[in-house]
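Colleague: I would like to learn how to read a few features of a model. Please take them one at a time.

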Amino acid sequence: MKKKRGTKKKKKTSNSKSTNNADGEDKIEGSEGINPSTLISENDPQGTKADTKKKKKGKKKKVSKSEKSMLALEKKIEKLKLNESNYDSIINRMHQWMVDKAKIATDVFKLMDINGEGLLSYDEFKAGMFDLNAPLNKVELHLLCTLLDKDETGEIDYTEFKAGLQLVREVREVDRQRFRDDHILLATQRKFPTCPCCKMIITEPWREEVPRYILLELRCVTFDMIKDYPGHLKLLVHAHLRICGLIQMIIAETDISSTKLAVFRDKSRSADSVLSPDITLEEYGFNGDSRDSPEEQTLFYDYTVEFTDCPILMCDHYFGQKVQI
């Protein structure tokens, strides 16, 4: 007779179950040789799976449009301050406009000041300036607010509007003078570049870091009585310019071929009034000012002659004389 295979398998499975129940332990398939203490239930909320999950990154704080525009303005102001001459030009222009429009501006700001405290916020101040048609763009106007808000309180005292930016200009002047003093005291050795071919030193013109400007009216002594004489010049020059450089500028403007030119303080053409070619205008007391508001001075130039007392040898002897026939 044939043996029934199915019945034997059933008996084996029943025997295995009985042995497992008899021992009192449930064996997990593939768990041989593993410490039972390390096995953690899948339903355990404090398991290692929860610990191994990546922590979510913190969300970035949302920046409002007003904050973004304010940051952009601050960056533009910092960039504007890097150009010293342009920055000084803006300050001088603001100061002059504020002094001229102080009375009208104060009346407008009083209407906007509901509490009557003499203080306005940045937005209120800017709105008033736009109503006054101030010649400033958004960046310059915000710069003006920061300059007037000395204590950084976010409010502007419009009662001091008539003073303009005089304090700011004084502080700038002190900083410039301190900068000059520091650079005068420092003795540094200049390193000039060399030519790649001949290895000769290549010199470059020296540049003043913070130049001052003078608006010079140069009048020819001989033709001073003639109002529209083309030899009368107006030149915007640096205060650190030497007199010899000024003479070269006169020659370039008038096409005078003579090298015997001299610059005088007055029309007397005396030896005391002659300016030495090796001395700068600043050393003669012409200190200069900013480019927008340069110091205005008048000097005279003419040929240098050996005879100053003889009226016949002087070229202007017959000017203005009536001819008698």
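Colleague: How many aromatic pairs does the count come to?

Modeller: This is a predicted model, where local features need pLDDT of at least 70 and side-chain atom pairs count only at pLDDT 80 or more, while totals for chains, interfaces and linings use all residues. Residues are numbered from 1 along each chain as its sequence is written, and side-chain values use heavy atoms, without hydrogens and water. Rings of Phe, Tyr and Trp (its six-membered ring) pair if their centres lie within 6.5 Å; planes under 30 degrees apart are stacked, over 60 edge-to-face, and the rest tilted. The count by this rule is three aromatic pairs. In one of them, the ring centres of Phe109 and Tyr158 are 5.9 Å apart and the planes stand at 50°, so the pair is tilted.

Colleague: Which parts does the pair of Phe109 and Tyr158 tie together?

Modeller: Phe109 is in helix α5 (residues 102-112) and Tyr158 in the loop between β2 (155-157) and α8 (166-185), so the pair links parts 49 residues apart in sequence. Helices (H or I, at least four residues) and strands (E, at least two) are DSSP runs, numbered from the N terminus. Phe109, Phe125 and Tyr158 make up one aromatic cluster.

Colleague: Is Phe109 buried or exposed?

Modeller: Buried means under 20% relative accessible area, exposed over 50%, and partly exposed in between (1.4 Å probe, protein chains only). Phe109 has 0% relative accessibility and counts as buried. Tyr158, with 5%, is also buried.

Colleague: Which residues of α3 are buried?

Modeller: An α-helix has 3.6 residues a turn, so residues three or four places apart point the same way. In α3, the buried residues are Leu73, Ile77 and Leu80. They cover an arc of only 60° around the axis, which puts them on the same side of α3; the arc is taken from the directions from the helix axis to the C-beta atoms. On the other side of α3, the exposed residues are Lys68, Leu71, Lys75, Lys79 and Leu82.

Colleague: In which sense do β3 and β4 pair?

Modeller: Two strands pair if DSSP finds at least two bridges between them. β3 and β4 pair in the antiparallel sense over six bridges, with Leu215 opposite Leu236 in β4. With strand β6 (residues 295-303), β3 pairs in the parallel sense over seven bridges, and Cys220 has Tyr301 as its bridge partner in β6. Six of the eight residues of β3 are buried, so β3 is largely enclosed by the rest of the structure.
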